[in-house]
Amino acid sequence: MGVARAGGEEVEVQGERQLNRPLLALPAPPPPPPPRSSLRPLPVPVAEDPDEKLFRHTYEKRTERKYIDESVGYGLFTTARIPAGEVVFAEKVVWLAGTEAQRWKGTKAADDLVAEKVRAMGEEWHRGFLGLPNPQPKEKGGGSSARAYTQIWKRYHMIALQSQNVKALVLGLKLAFVNHSCIANASLYYTLRYPRDENGVEDKSLPPGIGRAVVRASRDIKAGEEITVAYFYAKGECGVRQLMSSMYCKFWCVCAFCREPVPETENALERLYTLETIFEDADTLYKRPAVVFKTAYELIKLFERLKISDTREVQVWLYCAMLAGFNCDLGRAMLFLIKARGLVLRLHGPNGHLYDRIRIYCQMPPLMPGFGATTRGLSAVKQCYFMFADQKHAADVLFMLTAKPDEYIRLHRYRRRPNNLVKPGESRYFVRYDAQDAKRKKFEEEEPDTVEFIPWWYDPEVRKQILEEKKAKEAERKEEESKKAAKKKKKREEQPGKETTDPDCIEPEKDFLDICRELMREFDASDEEQPEREQQELREKDRETLRNLLGAKNEPKKRGDEEDEVEGNQKHEKPGGSKTQLPPHKHEPVPSQPVVREVAARKRVVVETPPVLPEIEQFAPIELW
Ligand SMILES: C[S@@+](CC[C@H](N)C(=O)[O-])C[C@H]1O[C@@H](n2cnc3c(N)ncnc32)[C@H](O)[C@@H]1O
């Protein structure tokens with residue numbers, strides 16, 4: 001158990017060791033960067049009652065409600081500075097979801113339901129609830145406080161999305177005054193709690209409910225500043241965001257960034273929208289991975305510059321992790337996940353459901369949606385470690401900044417330049433492809449068949465018609481193809497001399513061994529006419545040539561020997577000269593020499609290996625599959 005200072009108070013921090021533990025049983029990564037001065041160590045849940053101990057010390061007393069204007073109503077303001085990462089308040093809330101919300105039928109039933117829930121919170125809370133400013137005329141229902149519960153509820157509640165997108169309506173006495181901003185200075189999340197049985201023991205077989213609403217400062221909040229959170233995931237330009245606020249929250253957003261849009265923030269939120277759109281399009285993800293990474297990188301930089309630090313940034317890191325996972329790139333995926341985990345810990349602490357999701361992905365990356373759709377990024381987790389060592393320049397590798405739009409560069413292809421070889425403005429890393437990689441790259445870059453889809457909203461009759469049309473078109477295309485093939489074949493048969501121009505294609509219909517056997521038979525037939533000794537010599541020579549031709553599979557030779565041999569063979573092979581020349585086969589209009597040269601020449605692949613410097617090795621561990 002450790003002790004940390006928070007605003008002059010001492011806070012018990014339990015389980016720090018647990019937080020610093022590596023995620024997977026792997027070699028220890030380099031030490032983490034020093035903590036930022038404005039952040040104190042994060043509190044973590046404790047075994048007994050997480051809510052009680054975790055949020056004992058908050059900045060609740062340094063806040064007050066103030067009236068803003070008619071369009072927004074009240075807001076919650078600070079009376080003193082609140083440092084980034086601190087819990088502003090963590091309060092108990094009344095919440096309605098699922099079957100309970102279904103009881104909201106008719107005003108009387110609704111009022112009874114809210115009253116019942118509010119009374120269950122205790123007398124003090126009940127009084128606080130009824131003390132919230134109620135703008136409705138009191139006598140509307142006849143009595144002085146008739147329908148007061150629902151009136152207050154309707155004005156001050158918030159919508160919370162729990163895991164699996166379960167909607168819950170929440171109301172807290174402080175939370176009631178926290179307004180939305182498209183670029184908020186605090187984050188809101190709800191701790192989850194399992195229902196307790198009659199003995200007060202948590203029943204983990206039941207779905208968890210909401211424990212407390214926690215508002216945590218995501219940046220330093222000055223004294224007198226309004227505390228704002230994001231009610232929804234705001235993205236796009238101001239008009240789009242206002243449309244979203246009216247759709248999701250039933251108000252027209254008039255936050256500072258919608259009232260007077262700033263070009264830079266507008267640009268950042270528009271980029272976020274673009275990135276989200278890209279992530280809905282698997283085709284772009286597949287064909288333009290480098291563009292996606294670059295967009296994400298620029299967005300993260302922009303967020304940093306504008307000091308936007310909220311779940312949207314977590315989402316960008318998560319998207320990058322998913323794109324890496326999509327390509328089986330565990331090294332990059334892990335690093336993106338670690339970044340997302342760090343940020344969500346800073347924003348929400350280890351209690352929110354977003355943290356739970358990221359923690360699960362860290363432990364089991366294949367659980368990320370779309371994982372392993374392609375293998376072109378294949379890498380191992382430990383390959384991300386060298387990027388820890390080189391935080392300053394790792395972005396080049398992590399986001400593939402030097403890649404072509406359609407490229408996906410594997411981690412092991414990056415080599416770090418030694419200090420004396422780096423020119424100003426140049427990337428620290430260069431990409432090394434070898435012959436094997438180039439072959440694989442060609443395969444990786446093959447485009448998949450395009451996926452066509454018929455929108456679900458089309459009329460069934462229209463869908464049927466479209467499918468039939470597609471089938472007819474496909475049949476037509478196949479028929480055309482077969483016609484073309486038949487035409488080609490016919491032409492070939494009519495002009496046998498003109499046939500093969502491709503030296504690779506000796507006899508398409510025949511097996512290579514058949515051809516060899518035929519050749520042997522032909523040699524034997526022509527040899528019968530020769531005197532016995534001469535014949536033997538020639539046969540021996542022919543066999544030698546054939547052995548060379550077949551690549552001397554059983555006797556591996558040195559590269560140098562092979563080259564000499566090929567060149568030697570070429571010297572002897574004069575058309576019509578020696579007896580070792582293979583006579584033209586009746587199915588083989590083109591002389592066989594070009595084939596011989598081609599086959600042999602292909603073996604002369606020289607793999608260029610750059611000088612391996614110990615420094616490069618150290619930073620870029622090489623791992624080939
Ligand atoms: C939880 S209450 C916050 C307190 C509220 N300002 C009041 O005095 O009643 C949520 C309501 O505040 C208003 N509100 C919050 N953020 C807003 C914003 N950015 N623009 C316009 N209205 C907002 C909306 O009417 C919303 O339904």
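Helix packing, aromatic pairs and burial in a predicted model

Helices α4 (residues 107–119) and α5 (residues 123–130) pack with their axes 8 Å apart and at an angle of about 135 degrees. The model is a predicted one.

Q: Why are α4 and α5 called oblique to each other?
A: The angle between α4 and α5 is about 135 degrees. Roughly perpendicular covers 65 to 115 degrees and roughly antiparallel begins over 145, with the rest counted as oblique. The two helices α4 and α5 are therefore oblique.

Q: What makes the contact between α4 and α5?
A: On α4 the residues are Val 114, Val 118 and Arg 119, and on α5 they are Trp 125, His 126 and Phe 129. By class this contact has four nonpolar residues, one polar and one charged.

Q: How many aromatic pairs does the rule for ring centres give?
A: The count comes to 15 aromatic pairs.

Q: Why is the pair of Tyr 74 and Phe 177 called edge-to-face?
A: The ring centres of Tyr 74 and Phe 177 are 5.8 Å apart and the planes stand at 75 degrees. Centres must lie within 6.5 Å for a pair, and planes over 60 degrees apart count as edge-to-face.

Q: Which parts does the pair of Tyr 74 and Phe 177 tie together?
A: Tyr 74 belongs to strand β4 (residues 73–78), and Phe 177 to the loop between β8 (167–171) and β9 (179–180), so the parts joined are 103 residues apart in sequence.

Q: Is Tyr 74 buried, exposed or partly exposed, and what makes it count as such?
A: Tyr 74 has 22% relative accessibility. Buried requires under 20% and exposed over 50%, with partly exposed in between. Tyr 74 therefore counts as partly exposed. Phe 177 has a relative accessible area of 5% and is therefore buried.

Q: Why is the pair of Tyr 297 and Phe 399 called tilted?
A: The planes of Tyr 297 and Phe 399 are 50 degrees apart, with 5.0 Å centre to centre. Stacked needs planes under 30 degrees apart and edge-to-face over 60, and the rest count as tilted.

Q: Where do Tyr 297 and Phe 399 lie?
A: Tyr 297 is in helix α11 (residues 289–305) and Phe 399 in the loop between α16 (394–398) and β13 (414–416), so this pair links parts 102 residues apart in sequence. Phe 399, at a relative accessible area of 3%, is buried. Both Tyr 297 and Phe 399 belong to one aromatic cluster, together with Phe 293, Trp 317, Phe 336 and Tyr 408.

Q: How do you know that Met 400 is buried, and what is its phi?
A: Met 400 has a relative accessible area of 1%, and the limit for buried is under 20%. Met 400 is therefore buried. Its phi is positive, about 50 degrees, although Met 400 is not a glycine. Met 400 is placed in the loop between α16 and β13.

Q: Why is Lys 250 called exposed?
A: The relative accessible area of Lys 250 is 69%. The value for exposed is over 50%, so Lys 250 is exposed. Lys 250 lies in the loop between α7 (238–249) and α8 (256–259). Its phi is also positive, near 60 degrees, in a residue other than glycine.

Q: How do you know that the charged end of Arg 376 sits over the ring of Tyr 286?
A: The charged end of Arg 376 is 4.3 Å from the centre of the Tyr 286 ring. The distance limit is within 6 Å, and the charge must also be within 35 degrees of the ring normal. The charged end of Lys 117 likewise sits over a ring, that of Trp 95, 5.8 Å from its centre.

Q: What makes helix α6 mostly covered?
A: Seven of the nine residues of α6 (residues 148–156) are buried. Among them are Tyr 149, Ile 152, Trp 153 and Tyr 156.

Q: Why is His 348 called buried, and which residues is His 348 in contact with?
A: His 348 has a relative accessible area of 7% and is therefore buried. His 348 is in helix α13 (residues 330–348). Leaving aside neighbours within four places in sequence, its contacts include Ser 187, Tyr 189, Arg 216 and Thr 311.

Methods. Residues numbered from 1 in each chain as written. Predicted model: local features only at pLDDT ≥ 70, side-chain atom pairs only at ≥ 80, totals over all residues. Heavy atoms only, no water. Axes fitted to C-alpha atoms, helices over the stretch in contact; angles between N-to-C directions. Helix = DSSP H or I, 4+ residues; strand = E, 2+ residues; numbered from the N terminus. Parallel < 35°, antiparallel > 145°, perpendicular 65-115°, else oblique. Contact = heavy atoms within 4.5 Å. Nonpolar A, V, L, I, M, F, W, Y, C, P; charged D, E, K, R; others polar. Phe/Tyr/Trp six-rings, centres within 6.5 Å; stacked < 30°, edge-to-face > 60°. Buried < 20%, exposed > 50% of the residue type's maximum accessible area, 1.4 Å probe, protein only.
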